[in-house]
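Hi everyone, thanks for making time this morning. Have a look at the sequence and the model first, and then I'll walk you through a helix pair, the core and the chain contact.

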Amino acid sequence: MSLLKLDNLETYLGQYHILQGVSMSVEEGSITVLFGRNGAGKTTTLRTIMGFNPSTTGSVHYHDQKISGIPTHLISRKGIGYVPENQGMFSALTVEETLNLAKAKSTGETEEKMEWMLELFPDLKKFWSKKSGLLSGGQKQMLAIARAYINGDGLLLIDEPSKGLSPIMVEKLMESILKMKEKTTILLVEQNFLMASEIGDYFYIMDDGKIVHDGSMQDLKEDKESCQKYLGIA
Amino acid sequence: MEVFINLLVNGVSTGLLIFLLAAGLTLIFGLMSVLNFAHGGLFVWGAFSGAWIFKETNSFLLAIVGAVAVGMVLGWVLERFLIRPVYGNHVRQLLITLGGMLVLSESIKIFWGPNPIRVNLPAWLEGSYQFDGIIIIKYRVFVIVVGLLLYLALWLLLSRTQIGLMIRAGVLDKEMVQALGINVKGLFTFVFLLGAGLAALGGALLAPYSGVVFAEMGMQYAILAFIVVIIGGMGSLQGSALASLIVGVAGAFMAYYMPDLSLALNMLLLAIVLLVKPTGLLGEKGSAV
């Protein structure tokens with residue numbers, strides 16, 4: 001069953017036509033990966049879902065309810081957590097304050113969610129009173145993911161979590177994201193094919209603001225021609 | 001010694017009055033990136049409405065409450081109808097808030113006429129305290145106590161409450177705060193009303209302090225408050241408190257020892273701070289407290 005459905009989205013940023021008829025869906029309980037080169041429109045797709053860059057035409061449905069056209073804070077309150085590309089850290093707030101803020105308008109069992117996140121990312125407990133701006137890149141990413149999950153565990157939109165992280169940290173983070181699939185649905189934007197293909201169930205490939213290929217991740221891994229054609233992987 | 005203590009008390013009390021104006025200004029700038037030149041207009045409306053209510057009712061407490069209410073109502077009108085349509089556009093904000101300042105100042109004359117109005121001290125705050133030949137005016141002590149209590153209340157609001165946490169996060173990343181389900185527009189309105197109320201309170205407290213109110217005093221104090229906000233670090237409440245005290249105390253001493261240079265002092269302080277630490281004394285991206 002589709003949890004999220006994007007239908008023919010057209011989004012402009014100023015004079016630039018970024019999303020040119022994007023349609024896709026995310027199945028409940030899955031990890032769907034959105035691939036594409038820089039500037040393909042992946043981040044804009046997530047920002048359009050969140051209402052930061054509203055589309056001029058097309059629609060976004062979540063749980064069969066139209067969410068396009070409503071303010072971002074109301075989209076979030078429907079249970080959608082967002083991890084931006086730059087992690088969106090509140091650098092002067094501590095880990096504790098950041099996670100408490102995530103609980104403020106959270107949906108569901110916030111204490112349970114908090115406990116699970118601290119179990120999944122023990123570093124956050126270790127640096128509980130540390131300002132988030134002083135955390136390492138990997139810890140910041142963990143905090144950003146925990147904050148998004150505590151805020152809204154219906155669907156997580158995660159934008160390039162592996163960016164700028166060491167291979168060991170990326171592996172650790174991906175293991176955690178895979179575990180999170182047990183309790184939530186994830187739409188992941190990634191450029192790191194090797195890593196994302198290990199955890200993803202479905203994929204979409206974007207190019208120049210359009211979806212150019214999609215299907216199951218297993219099929220993509222076996223389809224060398226598409227990998228070469230769309231992702232430049234031999 | 002007597003002169004020193006008197007100047008110190010004068011400086012601290014003046015500094016805390018400036019702080020009431022600067023606190024709202026710095027929070028509004030920090031959260032909303034709005035340089036609100038109309039803030040001085042709210043201050044002058046607080047001064048006049050407070051003075052008028054006090055004269056009519058002889059209740060200073062009612063005068064303060066009434067002035068704060070007037071400031072908040074005007075603040076709501078300003079935010080909702082003038083500033084909200086120009087969020088994100090600094091040039092328009094500058095023009096519209098400057099215009100708002102002029103309209104607020106000039107409209108005072110419609111209600112209270114063009115001439116300055118004398119304001120008396122409330123009877124229970126008249127007189128002075130005397131210790132070893134040192135005379136300290138009661139009302140100044142009152143202003144210091146109120147100023148410190150308000151600073152403490154603001155600090156507690158920002159550092160110990162959930163709405164304070166939201167404001168501090170909003171200063172750092174408004175978009176991310178929205179993504180956490182928080183209504184940033186509502187937060188903006190709350191901060192704006194808080195700032196407007198503080199500005200009006202500052203005006204209401206200043207009226208008996210200076211003994212006279214006039215329509216142009218808004219601009220005069222708004223400039224001081226802007227200097228304080230820049231010296232302290234834009235968006236930092238503690239920075240504004242520290243800078244208010246520095247400007248108030250330095251101003252009091254300068255006016256006594258070198259009156260000819262007292263006008264240049266604030267500009268000199270501003271220039272030194274900007275040269276040595278361009279982000280202001282306690283200015284650091286994202287530290288609202």
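This is a predicted model: local features need pLDDT of at least 70, side-chain atom pairs count only at pLDDT 80 or more; totals for chains, interfaces and linings use all residues.

Helix H1 of chain B, residues 2-32, packs against helix H5 of chain B, residues 138-160, at an angle of about 40 degrees, and their axes are 9 Å apart. Because of that angle, H1(B) counts as oblique to H5(B). The crossing of these two helices is left-handed.

Who makes the contact? On the H1(B) side you'll find, among others, B:Val9, B:Val12, B:Leu16 and B:Leu20. H5(B) answers with residues including B:Val143, B:Ile144, B:Leu148 and B:Tyr151. By class, the contact of H1(B) with H5(B) has 13 nonpolar, three polar and one charged residues.

Now the core. Which residues touch the most other members of the largest nonpolar core? Among its 157 residues, they are A:Leu157, B:Ala200 and B:Ala225. Our friend H1(B) turns up again here, giving the largest share of this core with 16 residues.

Last stop, the contact between the chains. Chain A brings 20 residues and chain B brings 17 residues. On the chain A side, helix H2 (72-76) and helix H3 (95-104) each supply at least two residues. H3(A) gives the most to that side, with five residues. By class, the chain A side divides into ten nonpolar, seven polar and three charged residues.

That's my tour, and I'm happy to take questions.

Technical notes. Residues are numbered from 1 along each chain as its sequence is written. Chains are lettered from A and ligands numbered from 1 in the order in which they are written. A nonpolar core is a set of buried Ala, Val, Leu, Ile, Met, Phe, Trp, Tyr and Cys residues joined through C-beta atoms within 7 Å. A residue is buried if 20 or more other C-beta atoms lie within 10 Å of its own, exposed if 12 or fewer, and partly exposed in between; C-beta atoms are placed from the backbone. Helices (H or I, at least four residues) and strands (E, at least two) are DSSP runs, numbered from the N terminus. Axes are lines fitted to C-alpha atoms, for helices over the stretch in contact, and angles run from 0 to 180 degrees between N-to-C directions. Angles under 35 degrees count as roughly parallel, over 145 as roughly antiparallel, 65 to 115 as roughly perpendicular and the rest as oblique. A crossing is left-handed if the near helix is turned anticlockwise from the far one by less than a right angle, and right-handed if clockwise. Two residues are in contact if their C-beta atoms, placed from the backbone, lie within 7 Å. Ala, Val, Leu, Ile, Met, Phe, Trp, Tyr, Cys and Pro count as nonpolar, Asp, Glu, Lys and Arg as charged, and the others, Gly among them, as polar.
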